[in-house]
Structures are given as structure tokens and as C-alpha cells.
Amino acid sequence: MKTLFHCIAAFLVAGSALQAASPDLQNSNPRGGQRGTEVEVQFTGSRLWDITEVRFHDKGIIAKDVVADEKGGKTVKATLVIAPDCRVGEHHVRLFGKSGFSYARLFYVSQFQEIKEVEPNDEFEAPQVIPMNTTVNGTAKPEEVDYYKVTAKKGERISVEMEALRINNVRNQVAIDPYVAILDKDRFELAISDDSAFLKQESVASIVAPEDGEYVIEVRDASYQGRGYYRAHISNTPRPLGVYPAGGQAGSDVEFTYLGDPKGAFKHKSKLPAEMGETKVFGSQDGQTPASGNPVRVSPYGNVLEQEPNQVWTEVKEQAAPSLPIAFNGVLEKDGDHDYFRFTAKKNERFRFRSYANRLGTPVDTVINIYDAKMKSIGGNDDADGSKDSRYDFKAPADGEYHLRVKDMLDQGGENYVYRIETEPFEPRITVTMPEMIRRDMQYRKQFNIPQGGYYAMNVSVKRENLSGELAFDIPKLPKGVTWEAGTIAKSQSQFPILLKAAADAPIGGDIYDLQVKALEENYAGTTGTYQQTVHFVRGNPNGASYYAADVDGLPIAVVEKAPFRMTIDQPKVPIVRDGTMKLKVRLHRDEGFDKKVVARMLWRPPGISGPSTMTFSEKATELDYELNCNAAAELAEWNFCLLAETDLGRGQIQSATPFIKLKVEEPFAKMKINMSSIKRGDAGELICDIEHLRDFPGEADIQVFGLPAKSTTSVQKASKDTAQIRFPIQTAADTPIGQAKNIFCTLVFMQNGEPIQQRLGMGGVVRVDPQPKAPAKPAPKPAAKPTEVAKAEPKPKPAKPLSRLEQLRLEAKKQAAGAN
């Protein structure tokens, strides 16, 4: 669904001549406002000098009187006009200026009157008195408790709902883990809440007042260590914790039963939107609406509602057995409750059974199992996809009836233990996101801030489900003066670069746009995916775990101020070959006076291509060689290739990409076998290499050997397309190390179109250096006998060893054979 921005721009007087980096929005104060009112808000962050607009992703909020702090760049003030029919709940907001878009942050809209916490209110005996149906904007501090007093009549609801953990943006830290309690005048706890299934680590509590009188609401951090802002909705409105069924068919009217409210269940009918996914429904009763809605699923499937009794499979034998796809809905009303459903399927039909419970704010940890008509197990699942919800891929082994069983993993149950099981056919689907560029920061480099007259590039991730083949990008609308280029996404690729260009005279400005990816294969015609990114707004211990995340639609694309440099890559006139290398000439075109370091970053590598992640232009440098390596299995194709340049001008980083070049990968020209060679240290020898030509190359090529033992030398040899063998003369030195050099290889280099093509050959050759043999020792001369010394007699020879009987027979047989000849 196309997300829209609505804004009123306030243009600022030009400030510093320095180009600014993209603005860094951190928080707003207050964190929300009441619909139908105007709210003065101060946004805080850094690099906010040139902000001109405050933009929201959805309808209902516009900004006016936008004023940025041009000197410090840390604040922006604006008045937000919140429409009376603005959607209650969470909204995504960004700041925009000459340097582009900021990250998305959260802003909340309430239906209640907004008031501020007034200190002192940290004693039970002296709470802040507030009217019912109020949203309190307060601050939690270490070892502090805030108290608020309301008046209620007997039988009136008192509901408290917190927005605290979600609304504080502190990098890799949970600012507040809220805790609330509803106390009577004697300080007895009537309800407490730390975490909740409905709001995860946010608190929600609701009671029916037992008597007329005053009641006190206690708000604090669960561990008394919090430091941040909170919004406490304190009202007499319903607060259901679950809704049944947990979804419905797109565009249909559904009567929902709201569960978990202290006054009991009630019904309310809502019309679901036409768009698939998740939405929120508000259960009104007696003209009163909860502070926030209950999430439900919107899908193309009709509903099947559980029919009691269905605790065991024999109890559902007479119930209908619909065919799939369908959505099964039920409530595990008590501990030990199991729900059975029947359905029919034909042999080899495939469906994905996916449960929706925990992600919709219900306590159920689903376990699903599928059985055939005779209760033979087909399969099942507990947790999947990193959640407590289940997923099982079912393939019918035969035509017939089957049973679905749903239970809680711990066999727990309750009135709001609602679940929904959707049975999805295996239809083609494309999911479009962007990869994580910095660990634990899913918004980094996901704003396309394109400098005037320049380029910006980003990798896009595509996930194919139940389809294969090539894909293509599409951006139906763009800012004025902006064009895009990408090429076809090869069937082997799940990431691919896209490049946007802004004309030199493109006006500064931007919006949120749809980025689409479409299937090109005829079998999947019409299959399209639209960019959506899951953003983890709150992370904390341990190890940056995600505590709150939301899906953000649309891609921010803007034209920003011209960068003081351009970077280009010379288009190669030759291909890179498998097992080859190539040096790309990268040029930096500097504006006069710009002498900063610039980092060239490789965003995307074609399959089988590697190179340095970054290289740096030193101050005033204008050229560098960026060496690429191609492995033996690189995919043969022509690829778009670019680099991203980034520098810091003292106000944060700015980026600009190179235009695409075409990088063609081709087959190698030759193979080589390097025969093992052994040479005595200090001697000359030869390294003999046999060449097998795979295709012709023009003229002669230089063949050079690498990896020889230290202190040994050789010379470059020549080869033509007819050369079958190369002999490298090798000269070792007297001190060349003895042993084996095992990583000998050669390079083949020849010129084509005035540029070199270089390929590696014969990887893993061996040259052995042996020691010189030792000269035989000369016998020592016998000393002359002394005159008085008598020469010793020579020792008598030992008598011959007598022959054995077998040896005698063999000798006699030899003599007879000789006589016969």
C-alpha cells in the first residue's frame, strides 16, 4: 500500500556554506499528542541545522512553523496539527532538510486530554490529582515512584495503559521497563502489571471500582532504575486483552467478541480493510473506546470458528470438514484445553499451516499437529520463525479427511487465549527488504539522499517463495529530476544494487516511494513484492536483543545539496576472467578547495568477485587502483558495478555513488600443470609447466611465476596460443632455504584493446630445494710401525659357513642344468 506523507514546509534562511550530512533525529518532546489538537513539539538529535519539514508516513498529522536551531543543530521546533479523525496509536515520523531524510522515529496519538506530570508526586499520601480519561506525560527516574489520583464510582472501570519502553530511543538500552499498580485509598493493590502478553514489556491493568471513592495509580520502573519518558493512559474505557476471532477476510464485516475486560466479554462489529496483513480493531462499548486497538489478521481466507465440544477428535466427527485454504479460529478457555478441527485435502496438495497468537498479543504458545482420518500423525510444530507461533508445511499423502489439533505448549488456557491458524497455499511471493549494513541498526543507509548532479546506491534483498527465475525492479514514482538504473536480478541472486541519479538542476525535496520487484517469468506473471523494512526501535541487553520492532513501509528518496566531489570508475575495455584479476581505475573529481579524505566502499560484489571492502583517497588524492579478484566458479555474466564514496565534512558523513560500469566475467584462456621440480641449493634448475589452451588469445602473453623459494630467481617467459610448454630457468642461491615451496602459481597477462587481461594458472605447484651432497671423507694414512713394535699378524679368515641341505640341493641342480647346456 502506498504510504503518503503530508507536511507543511517552513523554509529557513540559508546557513553555513558547508554541506551537511543526513540529519540525526533521536527523540521528540512530548512523545505524543491528542487528536483534534495542535501540539508544540521539540525534536532533538544532531545535524539538524537545515531541517525544513516534519513528515509523517500516514495521513492525519501535518506540521507548521518548523524552526531549526541553525547554530547548534541539535533541536527543531514545530507545531503538529493532529486531525480529529487521526488514527489513534503509533505513527512514524521523519525530519527532512537540504541534507535529506532522518531515520524514522515514533510518535503516539491519543484520544484523551494530554497533561504533564507535576512534581512532587512521589509520595502515596501526596499524589498528583488528575481527571479521568487523561494521558499523562511523565518522567521516570532512578529510585522514584510517581503517584496519580483519580475519582471513580462503584462499577466504573479504571484502566491504565503504558507507552514507555517503546517511546524512548536510547541506543542498545531499555530506558524504562514500566510497572503500574492500581491502589485503593488504604494502599491495597487492586491490580498490578509489569509485563503483559497484550503489550509485551509494556504494562496494562484494568479493574472495576469496588466502591465510590478515590484511587491511586502507581507508575515506576520495574527495577527502580529507569530513566526516560512515559505516557500513561488513565481512563474509564474498556480494556479488552483479546479479540475473537483473531482475524477475518479482507474487506468483510466481522463481529468480534472482545475478551479480558474487567466487565466481561462484549461484541462489536468492524469492517476490515482491503489490504492484507495486520490491522487493529477498537471494541467500543457504551460509546467508549479503548486507549489502543487489538491487533487482528486480515487475509483472503474465510473463517472456521471452533464448535464445542471439540476436546477430542471423536467429538468433531459430525462437524463440517471444509477444504483448504481456510482460517481456523478458537480459544483455549481453560488449562488442558485442546481444540480439534476437521478438513479435507486431495493427494499432494500443499499448504502452510501458520499460527497467529503470540504476535497478536495473546498468551498462547501454540502447538499444532495434523493427523489423518484414523489419527495417524502426519506432523506438527511448536515454535517457528523466531517466535512462539507455530508453522507446519503440510502435504496431503492421499485424498481424504484430516484433523488439526491446537493446544498450548504448557497446556495453559484462559478467556483471552485466542489463536488463529491460517492455511496458506504455496503461491509465488516476493519479499523486498534491505540488508543490515551496521550490526543492530536496520535504518542505516536506508534513506536515498541523492546529491544534486550525483548518484546514490544501495543493495536490495529479495526473497523468492515458491518461484524462481529473474526479477526486475520498478519505482513507479520518483522526485522530479531523479532517474533510476538497476538491471535484471539474476535468478541466482538474492541481493542486487540499485542506483539513483539526480540531475544537476533537480530541486531539493523528496517523499516516500514504493520500491517494487516483479517476477519476469511468464509462469509467475503479476507476482510483485513491495519494499517493507522491519525496524527494531528498541534494543537492550543481552547483546542488543530486540525489545520492540515495527514494519515501516516505503522508501525515503530525496534530492539533497550538491556534494563537493564526484567519484567515477573508468569503464574497463576488457573482461575479467575466472581465476583472474583486474585493477579498476577510480577517479575522485574534487571541487576547488575540497581536500578531505574520501573512502570508497564496495556495496555489492557480483557472484565470485572479491575485493577490498574500502579504500581511501588521501587528502588531495584524485586516483586509486581498486583490485578485483575473480574465483574459478564466478558466474559468467555482465554485471552492473559501482562504489559508494563517503567523507566527513565536520558535520557528519555525506555519500555519493559512482555511475555503474559494466563488469563482464568470462571463461579463462588456459589451464596449466606445474610439474614438481627439485633443485640443489646454489644450483640452477628448471620449472616445467604444461599449458592447455581453452581459447585463443591475441599475440604473445607474458607468463610469470610466483611463490618461488626465497633468494631464488627466474625470468618472465613468453607464450602464444600455440605454446604447449613453458620452461622457467631457476637459479637458487647458496643460502636459499632448504625445503618445499608448495604454493607456486603463474600469471598469464596479455593486452587487448590497450588494457591487460590477467589470469592465474597452475595453482599449488611445488619446487623443492635440496641440500648439496657432502664430499666423501679421505681415509686417514696408516701410521708407520715403530722399530721396537712387532707388526700384528693379520686376522685369520673366518671359516665358510656350511651349506644347509636345501642349499646343497639347489647348487647341485644348477650344476646339472649348466652341464646339459
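**Entry 1: Lys620**

I started at Lys620, which is found in the loop between strand S53 (614-617) and strand S54 (623-630). For strands and helices I use DSSP runs numbered from the N terminus: a strand is E over at least two residues, a helix is H or I over at least four. The model is predicted, so I kept to its rules: local features need pLDDT of at least 70, side-chain atom pairs count only at pLDDT 80 or more, and totals for chains, interfaces and linings use all residues. Residues are numbered from 1 along each chain as its sequence is written, and side-chain values use heavy atoms, with hydrogens and water left out.

Lys620 is not a glycine, yet I find a positive phi of about 75 degrees there. Is Lys620 buried or exposed? Lys620 is exposed, with a relative accessible area of 62%. The cut-offs are under 20% relative accessible area for buried, over 50% for exposed and partly exposed in between, with a 1.4 Å probe and protein chains only.

**Entry 2: other backbone exceptions**

Most residues other than glycine have a negative phi, and most peptide bonds are trans. I looked up the exceptions with that in mind.

Met375, also not a glycine, has a positive phi of about 70 degrees. I placed Met375 in the loop between strand S30 (366-372) and strand S31 (377-381).

Glu119 and Pro120 are joined by a cis peptide bond, with omega about 0 degrees. Pro120 sits in the loop between strand S10 (113-116) and strand S11 (128-129). A cis peptide bond also joins Glu308 and Pro309, again with omega about 0 degrees. The loop that holds Pro309 runs between strand S26 (303-305) and strand S27 (327-331).

**Entry 3: the chain as a whole**

Along the principal axes, the C-alpha atoms fill a box of roughly 140 × 85 × 75 Å.

Of the 821 residues, 50% count as buried. Among contacts with a separation of 6 or more, 69% are between residues 24 or more positions apart; contact means heavy atoms within 4.5 Å.

**Entry 4: a four-stranded sheet**

I traced an open sheet of four strands in the order S40-S38-S43-S44, with antiparallel pairing. Two strands pair if DSSP finds at least two bridges between them. The edges are S40 (488-489) and S44 (528-530), each pairing on one side only. S43 (residues 516-519) pairs with S44 over three bridges, and Gln516 stands opposite Thr530 in S44.

**Entry 5: cavities**

How many cavities of 30 Å³ or more are there? I count five. A cavity is a set of points on a 1 Å grid over the protein atoms alone where a 1.4 Å probe fits but cannot get out, and lining residues have an atom within 4 Å of a point. Grid points are joined across faces, edges and corners, and the volume is the space filled by probe spheres set on the points.

The largest cavity has a volume of about 120 Å³. Its lining has 15 residues, and Gln26, Asn27, Arg105, Leu106 and Ile167 lie nearest its centre. Strands S1 (24-29), S9 (105-110) and S45 (532-540) each give two or more residues to this lining; S1 gives the most, with four.

Key: 1 Å grid on protein atoms, 1.4 Å probe; cavity = no way out; pocket = protein on both sides within 12 Å on 5 of 7 lines; lining within 4 Å.
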